[in-house]
Amino acid sequence: MKALKIFTLLILSIAVVSAAEITLEANKTAMPKGDVVQVDVYVNGTNIGSVLLNLTYEPTKLSLIDRVRYGVFGEEQFKTGANYVAFIGAGGSISGKTKVATLGFKATGVATTTNVTPVSSAVNGAPVTVLPEKVTITILDYEVINSTWRNPFTISIAGMTSFASLPVDDPSDGINWTKVDLPADCKNGVGNNTFIMVRKGSENKVLIYLEGGGACSSYASCGGPASTVTTLEPEFDTGTRPLKSTYVKGIFDVKSPLNPFRNWTMVFVPYSTGDIHMGNRVVKYYNTSNPLQNKTIYHIGYVNAIVAMRWINASGNFDQIVVTGTSAGGFGTILHFYRASEIFGKGIIAINDAGPGTAPNVTSALPPTATAERWGSMQSYPPQSLPYFADTDTIRFLNWALNGSAGGCGNCIYALFEDQWDFVIGPYFQGYSFTDFQTRLLNAIASIKANFSTRFCSYLPLSTYHTAFAGGYNYPAGDRFYNLHIDGYTLVQWINSVLSGNCVDKRDLGLRDLQVEILSAPSSAIVGNAYNITVKVSNVGSNATPDPFFVILSNATATLGYKVMTLPANSNTTFNFTWIPTTAGTERLNVTLDGLLVPALATLLPLGSVVELYGYPASEANNTASVTVIVSTPPRPILGGGGGGGGAMPGVPVYITAYITVKANEESTIDLPQSAFWETNVVALLILSSEDNNIRFRIEKLKELPPGIPEPKGDLVVLILSIEPTLSKEASIKGKIKFGIPIEDIKAKGFDPNAVAVILLKWNGKEWIELPTKFVGSDGKYNYYEAETTSFSYFVAQLKPLETPKPTTPVATPPPTTVVTTPPPTTTPAPGFIPGFEALFAIAGLLAVAYLIRRKN
């Protein structure tokens, strides 16, 4: 009866008002799962005697947990159902804007957005407008578990290993790291105890290094399927990426006499917290498709770094302190150089490697407001500094941090290294085009430079690479820390200048245009023959190339050769590619200048690595030249002939060139084509290198040894070889040589081919050394052997009679434990290659970089 009375009052109400409305006001529009939003219901008008409002919502996303009504009507109530709530009020009279009810909804399921939507409404019995038409709420995919993990300045460091107990490291044998455990309140990204690495130097100076490795703010990016952090659990000397052996290049190459830090103490702070070393918060991230995979991340990089700096400060009074870091660690230096000045009580030099501190585009997955909420990074900054950079570029913090009169460090120096077209920071993490990122970078640092002309400086090459201090991410030509220069002024020179207190600027303007021409090439060719492709490469303009670049010879399916080079301003060079065609037909050869050998990188960086602005964008159009060659198959040679090893093909040179890319300590094989076997008697090379390497082998069968090298004793030589490798980086290489000796040659020496051993000897510069050699099979025309060698030089194969003759029947099948290697048919192509590079971290979703070791055609 009561409900009937209320509805009757609503229907019969005659005090109809004009311009009446109902409004909804929510106290928040975004909240994490588990939080509550309050939606207030207001009515506005004159002589209002009844109100009706019916709202629907998604019960899988929101749960109605609270209903509050206000006594403005004589009779009022709520009606609820599975997905709706209705407020009904009648019997009184109000005027103006009045709150009549409050509804509380708890977020129970993660959603991008969900709505509370009016479906019917009336005032004094007449339909009215509801504003807004719906309340849209974003339910976030995270929940803050601990908004402030710890105060890092109060964590006890008493139980840590003493610095005094560490041995001084001798730089002559490379860097030797010692693991020092951090206190239990310091954690890695998943909440386990963590550590720092320390290398004690002979000088009373300290380098504090903040490791890089991406950033994350969601389940997917924090170790999920699209992870953008290298690791959440760093490992010292085990696993797939042990830090002890990973960081040996760049500033950690203490064997290099050019290294400014070779005798310094180094404190290495591993990165696993996804918060650019600025967080102090624990967050639970929700996997919306599988709640069992929800992940709790300790974004407490700020805590770990502060404790590490407090520990080293307690170890002594150092003459000079440098805070540096790469990528995410570079971002971390922006805050931590100032905190270091507080901890050490003196001026600090900060050198930032590719952590530019620019604010991401609003479309980025890591917008400042989102990361500040998830990481809690703003609470890590001095409160008085926040107006200088809040909601904009973090690097603008320096406008306060370098200002002694405002409370900052008045005797600190801050130096920034950054590629102006950094493809990791700009396009990927921050969502800018190359040029938009460059513009934002230059504008941000210009304002700081104007305020601190002698204590802020930058070194800005114009290329698309990322980082340099640890060797360079995806850098193809050795160690970028030592190779990079801007018009002859090297990165190392700049750092030495900064360390001396002379903070100078160097900026590459990119005023160059790289050009390539094919000066000569054959119009026709024969399979297996070697030909020269003469190439001219020019740099037109007033700036040198800052980094080495590739010149690549390729056809439609493979890379056939490459050269890594640099060019000064207004210069050119001419050189030859050696090309050996492998299949008949029409072949188009392309020479590409500043190309990228790894397909995934080439897709991301269509303009290559060296930025050319001289006539841009037309400057890229002359980076490729092509030539078409008609290739035919030679007549099959006549095999056999006493001592001849199967006669040579007309026009084939006396040596062949083979290329291979190898991974460190992983065996790789060069299988030579039929034509190369005819000329060299070499079937294959199995290579093992101590470093990742691009290797070119020059393999030549000699008629006699060079002057000055004596022949081995005896008259039983059946093969003389020269195998000369050219490596892209210094390394030790060893391997196996598979070769064949014509059975007719063995007979010509008066031996039974089934009752003789063949031993391969190597010239070591002083004498001939017998190599372990074994018979691996026969095909009736050749006997095949395999010899192990620890280096490459001149080789001779000698016959050695067996004490117990073998059966006279030729061996057609090798023993089970060996492999029969038969020279391939004449149509078998020569092996191609695509060199690959070492990748430092997976910036998740950024690069699926393929390591293509070799390619058989």
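User: Which residue lies over the face of tyrosine 42?
Analyst: Lysine 97, at 4.8 Å from the ring centre. A charge sits over a ring if NZ of Lys or CZ of Arg is within 6 Å of the ring centre and within 35 degrees of the ring normal. This is a predicted model, where local features need pLDDT of at least 70, side-chain atom pairs count only at pLDDT 80 or more, and totals for chains, interfaces and linings use all residues. Residues are numbered from 1 along each chain as its sequence is written, and side-chain values use heavy atoms, with hydrogens and water left out.
User: And what lies over the face of tryptophan 149?
Analyst: Arginine 150, at 3.8 Å from the ring centre.
User: Switching to ring pairs: how many aromatic pairs are there?
Analyst: The count is 43. Rings of Phe, Tyr and Trp (its six-membered ring) pair if their centres lie within 6.5 Å; planes under 30 degrees apart count as stacked, over 60 as edge-to-face and the rest as tilted.
User: How are tyrosine 338 and tryptophan 400 arranged?
Analyst: Their centres are 5.0 Å apart and their planes at 65 degrees, so the pair is edge-to-face. Tyrosine 338 is in helix α4 (residues 328-344) and tryptophan 400 in helix α6 (residues 398-401), 62 residues apart. Helices (H or I, at least four residues) and strands (E, at least two) are DSSP runs, numbered from the N terminus.
User: Is tryptophan 400 buried or exposed?
Analyst: Buried, with a relative accessible area of 0%. Buried means under 20% relative accessible area, exposed over 50%, partly exposed in between (1.4 Å probe, protein chains only).
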